Amino acid sequence: MAYELNGQTIEHDEEGYLTDLGQWTEDLAAILAKDEGIEMTDEHWEVVNFLREYYDEYQIAPAIRVLVKALKKTMGKEKGSNKYLYTLFPYGPAKQACKIAGLPKPTGCI
Amino acid sequence: MQEETIKKFMYMNRKAPYGTIYALEALEVVLIGAAFDQDVSLAFLDDGVFQLVEGQDTDGIGVKNFSPAFRALGDYDVTKLFVEKESLEERGLSPDDLMELVWEDEDDDWAEKPSIRIVTRDELKSILGDQDVILSF
């Protein structure tokens, strides 16, 4: 299974998560978001970029609870809440945002 | 929720980080289990102490260096990592060879506090005696 972008083939697993994180680009993120029915805004990018930085540092995709806590710390209470994240990513912030960010499915997503 | 009992869970790490899947799997179980709000501790003994050594580089063996994930444990409210002193000494290691792992105390203005506690074999025995559930990897 693969995404097609500018003549490039980008492999993904059965749930749509990228096989090789290195192939992620912002253009690809836009395609992934469209598949999820999400129109990317600055607020979406903020979360997606945050996830990429988190993965870069810790080599894991954070669970939703951890994401909320980290956002609360860096961006304040308003953005560090479940409700805010579900407004942006209605079908599960950790799962949808991680997929768009090109990360693996979060550890601890049951 | 008063009726919910919080149990003391201990994850024992006794194997080297690479060569077998035990260390990585144990860490994944810890991260998943952290969602259940239990009282979680980790113990590192025998070759398991190598899991926490600073500056791991796996380029030569073609597997992912997962050691940065230990730094995320604090975010998962896993803040008690007991390392057996004798296991370190038997392998020519000292606490200075280990990663500096901290957790941030939200109730104390995000003050960073150390997660690793060096304990003797006897101290670890009594810690194990206090646990409700022990999972060994």
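Which residue takes a positive phi just after α5(A)? In this predicted model, that residue is A:Gly102, with a phi of about 80°.

View 1. α5(A) is mostly covered. Of its eight residues, seven are buried. They are A:Pro93, A:Ala94, A:Gln96, A:Ala97, A:Cys98, A:Lys99 and A:Ile100. These buried residues pack against four helices of chain A: α1, α2, α3 and α4 (82-88). A:Gly102, with its positive phi, comes just after α5(A).

**View 2. The largest nonpolar core.** This core has 54 residues. A:Leu51 and A:Ala97 are among those with the most contacts inside it. In chain A, α1 (26-35), α2 (42-58), α3 (64-75) and α5 (93-100) each give two or more residues to the core. In chain B, β1 (8-13), α1 (22-33), β2 (39-44) and β3 (81-84) do likewise.

**View 3. The contacts of B:Val83.** Neighbours within four places in sequence are left aside here. B:Val83 is then in contact with B:Phe44, B:Val49 and B:Leu52, among others. Its list of contacts also includes B:Leu88, B:Leu98, B:Ile116 and B:Ile118.

**View 4. Where chain A touches chain B.** Here 13 residues of chain A are in contact with 14 residues of chain B. On the chain A side, α2 and α3 each supply at least two residues. The largest share, five residues, comes from α3(A). By class, this side of chain A has six nonpolar, three polar and four charged residues.

Notes
Residues numbered from 1 in each chain as written. Chains lettered and ligands numbered in written order. Predicted model: local features only at pLDDT ≥ 70, side-chain atom pairs only at ≥ 80, totals over all residues. Core = buried A, V, L, I, M, F, W, Y, C linked by C-beta atoms within 7 Å. Buried ≥ 20, exposed ≤ 12 C-beta atoms within 10 Å, placed from the backbone. Contact = placed C-beta atoms within 7 Å. Nonpolar A, V, L, I, M, F, W, Y, C, P; charged D, E, K, R; others polar.
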